[in-house]
Amino acid sequence: KELNADFGNLLLQGDCLSACAYLKSKNIKPDLVYIDPPFASGANYAKKIYLRNGQKTSFENDSASIGEEIMYGDIWQKEDYLNWLYERLLAIREVMAETASIYVHLDWHIGHYAKILMDEVFGEENFRNEIIWVYTSPTKTTKDFPKKHDTILRYSKGEDYYFNVDDIR
C-alpha cells in the first residue's frame, strides 16, 4: 500500500523547497499552506547547553549552562531574504490546488516587503486578509509603542477558493 494513499490531511515540516519537490513528485496538491519563514530579525537564535548532571558549576551566573549552540541564523541582507522568499513562494504556488489558500506568518521586520512579493506571485486580486496575532505578555518598553504582534498574510491561488468559517470557530 502506498504511503498515505487515502490521506485527508498531511502535515509537512521542514525545508520548503524539499517539501514542494516531494508534493510535486507525488502529484499532491495542497488545499491549504501555512508557512512560518524566518522573520529577517537580524539575530542568531541559540539554545543553552547544560551539563548532563545539571549540577551547579563555577561558570558565569552560577548556572549549569556551559555555553550556547546556534540553532539558526536570521541575519540577512534584505534583498537576499526577499529573493530567498520569492523562490519559495513560486515553488509553493506551483504545487497548490486551484482552490487553495496560503497563510504566511511574519512580523514587523519584513512583512510589508513580503506583501509586495505575494502580490506579485499570487496577484493583488487574490489577497484575502491580513490577520493580526496580538501578544498579551508584559513589556518593559518605555520609549516607544511595544512590538506586540505578528502578521499572517492570507492569499488564495485564484478567485475560486475554499474557505469555511465554521472550521475556524
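1. Of the 169 residues of the protein, 31% count as buried, where buried means under 20% relative accessible area, exposed over 50% and partly exposed in between (1.4 Å probe, protein chains only). The accessible surface comes to about 12200 Å², and 51% of this surface belongs to carbon and sulfur atoms; the areas come from the Shrake-Rupley method with a 1.4 Å probe, and for residues only the protein chains shown count as cover.

2. The model is predicted: local features need pLDDT of at least 70 and side-chain atom pairs count only at pLDDT 80 or more, whereas totals for chains, interfaces and linings use all residues. Residues are numbered from 1 along each chain as its sequence is written, and side-chain values use heavy atoms, with hydrogens and water left out.

3. The protein has three helices and six strands, in the order α-β-β-β-α-β-α-β-β along the sequence. Helices (H or I, at least four residues) and strands (E, at least two) are DSSP runs, numbered from the N terminus. Among contacts between residues at least 6 apart in sequence, 70% join residues at least 24 apart; contact means heavy atoms within 4.5 Å.

4. Helix α2 has 18 residues, which at 1.5 Å a residue should span 26 Å; its end C-alpha atoms are 26 Å apart, in agreement with that value. The expected span of a helix is 1.5 Å times one less than its number of residues. The buried residues of α2 are Y81, L82, L85, R88, L89, A91, I92 and V95, and the buried residues of this helix pack against α1 (16-25), β1 (32-35), β4 and α3.

5. R88, in helix α2, deserves a separate remark. R88 counts as buried because its relative accessibility is 10%. With neighbours within four places in sequence left aside, R88 is in contact with D15, C16 and L17.

6. Helix α3 (residues 111-122) passes the corresponding check: its 12 residues should span 16 Å at 1.5 Å a residue, and its end C-alpha atoms are 16 Å apart. Its buried residues are G111, A114, L117, M118, D119, V121 and F122. These pack against α2 (78-95), β4 (101-106), β5 (127-134) and β6 (149-156). After α3 comes G123, whose phi is positive, near 95 degrees.

7. Two packed helices are described by the angle between their axes and the distance between the axes. The axes of α2 and α3 come within 10 Å and cross at roughly 35 degrees; axes are lines fitted to C-alpha atoms, for helices over the stretch in contact, and angles run from 0 to 180 degrees between N-to-C directions. The crossing is right-handed, that is, the near helix is turned clockwise from the far one by less than a right angle. The contact is made by K78, L82, L85, Y86, L89, L90 and R93 of α2 and by Y113, A114, L117, M118, E120, V121 and F122 of α3. These residues divide into 11 nonpolar, no polar and three charged; Ala, Val, Leu, Ile, Met, Phe, Trp, Tyr, Cys and Pro count as nonpolar, Asp, Glu, Lys and Arg as charged, and the others, Gly among them, as polar.

8. Phi of N27 is positive, near 55 degrees, in a residue other than glycine. N27 is exposed, with a relative accessible area of 61%.

9. Y162 is placed in the segment after β6. Y162 and T99 are 63 residues apart in sequence, yet their C-alpha atoms are 5.6 Å apart in space. With neighbours within four places in sequence left aside, Y162 is in contact with T99, S101 and D167.
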